[in-house]
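Visitor: I'd like to learn how to read a model like this one. Could you walk me through it?

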Amino acid sequence: MNIVEKILARASGKSSVSPDDVVFANVDKVMLHDVSGPGVIKVFDKLKNQGISVDKLWDPSKVWVAEDHFVPSAEKVSAENIVKLSNFTKKYGIEKHFKYGMGQYGICHTLSHEEALVMPGDVYVGGDSHTNTTGALGAFACGLGHTDVAYVLLNGNIWFKVPETYYFKINGKLPDHVMAKDLILKIIGDMGTDGGAYRTMQFGGSGVDDMSVESRLTLCNMTTEAGAKNGIAEPDQKVIDYLSSRGATNVNLVNGDDDAEYAKIFEYELSEMEPIIAKPFSPANTTVVREAPSVELDKSYIGSCTGAKYEDLEAVARILKGRKVKIRTEILPAAISIYQRAMENGLLKIFLDAGVTVGPPTCGACCGAHMGVLAKDEICISTTNRNFPGRMGHIESQTYLSSPLVAAASAVTGKITDPRDLK
Amino acid sequence: MEPFKKVISIITPLDKVNVDTDQIVPKQFLKLIHKSGFGKFLFYNWRYDVNENLKSDFVLNDSKYDNSKILVTGDNFGCGSSREHAVWSLQDYGFSVIIAPSFADIFFSNCFKNGILPISLNQKTVEKLQQELDTIEVDLEKQIIKTSSEDISFKIDSYKKKILLEGLDDIAQTLQFEEKISKFERESKVPSVL
């Protein structure tokens with residue numbers, strides 16, 4: 001069996017499973033945020049009206065709640081949703097509620113790794129499509145709708161059809177100017193936004209072994225944009241060290257068998273890679289940066305679960321050190337812990353000296369919610385994950401998706417820029 | 001949930017692929033959580049201009065489709081975020097059947113939780129259906145779509161068919177067996193997971 005098959009077999013109490021088997025799996029961790037949380041509360045209210053008991057959750061210690069999409073509250077509906085979430089966590093005894101303005105909080109997917117909330121081998125589900133991110137720790141991680149999350153909260157399990165696995169064998173080493181974001185954009189460009197539909201995208205090979213855990217998080221994060229059920233990176237000692245340094249103990253890895261089967265194998269050579277962007281209006285609409293259209297950018301946005309981890313901010317600082325931005329540039333670290341490290345290690349000074357505005361952790365303008373959305377006809381380069389029409393603001397705005405290095409280099413020139421071409 | 005009955009209606013052709021949930025219901029409405037009333041936000045940016053006037057060139061705004069319950073659209077419908085609001089909008093607007101060559105995974109699953117029937121048919125059949133001007137009939141029981149010229153059969157998982165036909169909701173249905181589930185949990189050999 002491969003990793004995902006092993007995890008699902010263990011979680012469903014079976015000795016082995018194969019693709020297309022339907023299994024009822026015990027869930028290890030569940031996540032809600034300020035959009036899916038109120039949606040789940042609504043489902044609970046409906047169940048209650050049907051006479052179904054929603055008095056207690058299956059296991060509140062396995063649930064955590066993030067405030068990320070609409071914090072800081074820009075208007076009263078968002079503010080009221082935060083109050084609803086607080087009442088919910090209080091009522092059900094959920095202790096892991098990461099609140100805006102009270103120490104560590106941030107984007108839900110970022111908390112999953114920063115706070116070591118998910119372990120390798122876990123079955124982890126969340127009320128958000130980018131739950132896939134956390135597969136980088138070697139867990140089976142996928143997003144669910146509100147009704148399914150409500151079901152898991154009450155019962156602790158859910159059924160899955162065991163997905164087929166596409167194996168991405170990544171060879172070589174990332175060149176200095178190329179990041180994991182470039183690789184995943186390349187893959188999505190090659191396979192299309194539904195190329196991974198209902199499949200696991202598994203990343204392995206010497207290139208992944210050589211990558212940091214944070215780079216693997218970027219890969220798994222955007223498997224969602226390829227339509228995949230989940231993404232997973234083959235876990236190793238780096239994952240153990242990463243989680244242990246964040247307080248986890250007894251971290252055990254689940255890896256595939258030598259004779260594991262894959263539906264398809266794709267190979268990529270990192271040393272041949274170049275910086276890549278996705279043009280409007282699809283993450284699959286990719287081109288190499290040096291062949292990008294010459295457009296006047298209005299803004300560079302460095303944020304989100306995809307592109308504002310500590311490693312991403314370090315890459316941005318490498319470019320911005322001693323330089324000034326030419327266009328409106330915002331950096332929103334994805335969690336307070338990242339913000340704090342950025343401060344301690346002098347990154348914030350580099351950003352502020354360059355003229356950047358540093359904002360609080362939030363999904364913010366990535367989903368066009370608030371905190372720097374785009375006006376009509378504005379063009380943005382962004383380290384986020386989606387560039388559908390209107391995604392980051394006005395329906396007639398445009399977003400180019402890129403790596404943090406490219407977003408920073410472009411902030412300096414005001415045009416889409418390969419970091420190698422920066423003077 | 002209401003039991004799913006035969007749907008007899010003209011189709012609304014939405015000739016687009018990769019329709020993502022940001023287009024089905026834009027982010028500014030995600031803060032709202034009442035399940036009803038989402039219909040007016042459906043395809044918001046395609047239906048309304050900046051002054052919130054209806055755009056005459058968008059198919060849903062053509063009054064001949066006002067009572068249509070069947071949306072026929074392109075590949076990978078419902079991709080993007082997991083927001084269940086997307087399904088709530090389609091349902092509240094009046095759609096109960098969505099036909100496409102393929103659907104995004106989470107969206108597909110969310111449909112069944114809310115009494116919408118998503119049907120995958122091959123590309124050629126979908127293209128032909130998009131040209132259909134007459135009323136068609138979707139018979140879930142028999143798994144047949146009847147058009148003026150032919151009967152098209154479709155596949156559906158038998159469990160999903162049952163929950164739609166009986167108007168059962170996944171959670172409600174499972175919780176009818178709460179006692180058995182608890183007993184199984186107590187006696188089960190499934191290793192407890194931390």
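Here is a short talk about a sheet and a helix.

Guide: First, the ground rules: this is a predicted model, where local features need pLDDT of at least 70, side-chain atom pairs count only at pLDDT 80 or more, and totals for chains, interfaces and linings use all residues. Residues are numbered from 1 along each chain as its sequence is written, while chains are lettered from A and ligands numbered from 1 in the order in which they are written.

Visitor: In what order do the four strands of the open sheet in chain B run?

Guide: Strands of a sheet pair through backbone hydrogen bonds, either parallel or antiparallel. Strands here are DSSP runs of E, at least two residues, and helices are runs of H or I, at least four, both numbered from the N terminus; two strands pair if DSSP finds at least two bridges between them. In chain B the order is 1-6-7-8, with antiparallel pairing. Strand 1 (7-9) and strand 8 (151-153) of chain B are the edges, each pairing on one side only. Strand 7 (residues 144-146) of chain B joins strand 8 of chain B over three bridges, and B:Ile145 has B:Ile152 as its bridge partner there.

Visitor: Why is helix 6 of chain A called largely enclosed?

Guide: Buried means that 20 or more other C-beta atoms, placed from the backbone, lie within 10 Å of a residue's own. In helix 6 of chain A, 10 of the 12 residues are buried, so the rest of the structure largely encloses it. Among them are A:Leu183, A:Ile187 and A:Met191.
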